[in-house]
Amino acid sequence: MRTISARSLALLLGPEPLPRPAYRGLADAVRRLVCDGRLLVGTRLPSERTLMSELGLSRTTVGAALDTLRDEGFVVTRRGSGSVVRLPAGPAGLALSQAGLIPSDVPPDVIDLTYAALPAAAGVTAAYEHALTELPRHLATAGYDPRGLPETRAAVAAWFEGRGLPTAPDQVVITSGAHGALSAVLRARLETGDRVVVESPTYPNAVVGVRRSAYRAVPAPLTPTGWDVEAIATTVRQSGARAAYLIPDHQNPTGLVMDADTREALGRVLTRAGTTPVVDETFVELALGEVGRADPFAVTSSDAHTLGSAGKTWWGGLRVGWVRAPRGAAEAVIEARHSLDLGTAILEQLVVTELLRQGDSLLDERRREARARRDALVGSLRQHLPDWRFDVPSGGLNLWCELPEARGDELARVAEAHGIRIARGGQFGAEGGFSRWVRVPFCVAPDEADEVGRRLASAWQAAQGGHRGGRREVTPLIA
């Protein structure tokens, strides 16, 4: 059974004094952690004695808080198991995250905020034109290459070299997007029923990919400031997980960036446990602040499999991703991908090769564009929804917004009737929760940002009033 130490729980509760009465303040704080997905369903809480010692509270206060949580259905106490976190049953309870992701048409009058992706970058058209001049020499071949074109693998390897990670082209496998890369790596490294540690919250399609490949996702909650190495070590040890899916650069959806010390410490934890790091770098080139990007996770973790993609950086329509495997591990990835597809489109590989060769000359413009969109949306939300809380991320494409009330599900349900489609926070939790959160990608043009803020404010007002939208409810495809 998953457990949490008194120290880890105290860190999640934070340093601020509990509101009075203290038992109610403690119960409210624990309930909020459950709703936010930071305290996972099925977690055994520390004993009353250790909580008293760590939190500096009386036994009466701790006992009354646990009694309150039991009455509300957030904790169940079993003989021999102690107090265990659960979700309330019944229609008023908190829904677990559902795996179903349903692509559906977006009405023309609705702004779609379920995709964290920009329109094609400047330079993509020219790269296609260049690629078409290179295509004829490939037309005499069968067109199938499960490794990827030699020139594309060389360009990706050179890109890693430029970031301080020595890489040979034979360590690179070109895939059909980062999702295809993840599936190939998991199939290469795992057996049916194996466990995979995932951050919570995390990218929903990764959780879906883990589950639909017959593996088990084991959540490791993120703290407000990042990754708790001690808690992840405990999760790995208790679950026996053979892989850990991580997004250390502009994490999706939170925008957090893992610092160098944490990368090194977490790499040591995973190496000792024999757990393969599967590192998603799809947002790594979208660093929007003055601080440069950190060294790749694989610099200090030689067994890491690194996933990348042209989708977030250049254009989702390219559908080109890659795996940078440890030396000697690429063959297993190539063999595994045969159960998925037989290769990646030749023309798009040539386009990505050209884009990677141009490097920062195009990326600087892309970052300026993303920064302008971010700043415009931040201003709009602060004007129209001043009680929503979020940190302005240093990169990526997402704002992870904390709502004043746990009505994220209601907001997602009614939003389309107010001209906007949004993913509910619970879709980013492997075991539900996050009802106080929504992800708002800053992908609209700056001159549309004010309208996004107005529509979200209208939808939020309706969600607070308990009104239901008139349109059909959908569980949207998320990107």
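Q: What is the mean pLDDT of the protein chain?
A: This is a predicted model, in which local features need pLDDT of at least 70, side-chain atom pairs count only at pLDDT 80 or more, and totals for chains, interfaces and linings use all residues. Residues are numbered from 1 along each chain as its sequence is written, and side-chain values use heavy atoms, with hydrogens and water left out. For pLDDT, the predictor's confidence in each residue from 0 to 100, the chain mean is 89, and 93% of residues reach 70 or more.

Q: Where does pLDDT stay under 50?
A: Where pLDDT is low, the predicted coordinates should not be read in detail. Here that concerns residues 90-103.

Q: Which residues touch the most other members of the largest nonpolar core?
A: In soluble globular proteins, nonpolar side chains tend to be buried together. A nonpolar core is a set of buried Ala, Val, Leu, Ile, Met, Phe, Trp, Tyr and Cys residues joined through side-chain atoms within 4.5 Å, where buried means under 20% relative accessible area with a 1.4 Å probe, protein chains only. Of the 51 residues in the largest one, Leu266, Trp314, Leu318, Trp322 and Leu355 touch the most other members. Helix H12 (346-358) gives the largest share, 7 residues; helices are DSSP runs of H or I, at least four residues, numbered from the N terminus.

Q: How far apart are the end C-alpha atoms of H6?
A: The expected span is 1.5 Å times one less than the number of residues, so the 13 residues of H6 should span 18 Å, and the end C-alpha atoms are 18 Å apart, which agrees.

Methods
Buried < 20%, exposed > 50% of the residue type's maximum accessible area, 1.4 Å probe, protein only. Helix = DSSP H or I, 4+ residues; strand = E, 2+ residues; numbered from the N terminus. Contact = heavy atoms within 4.5 Å.
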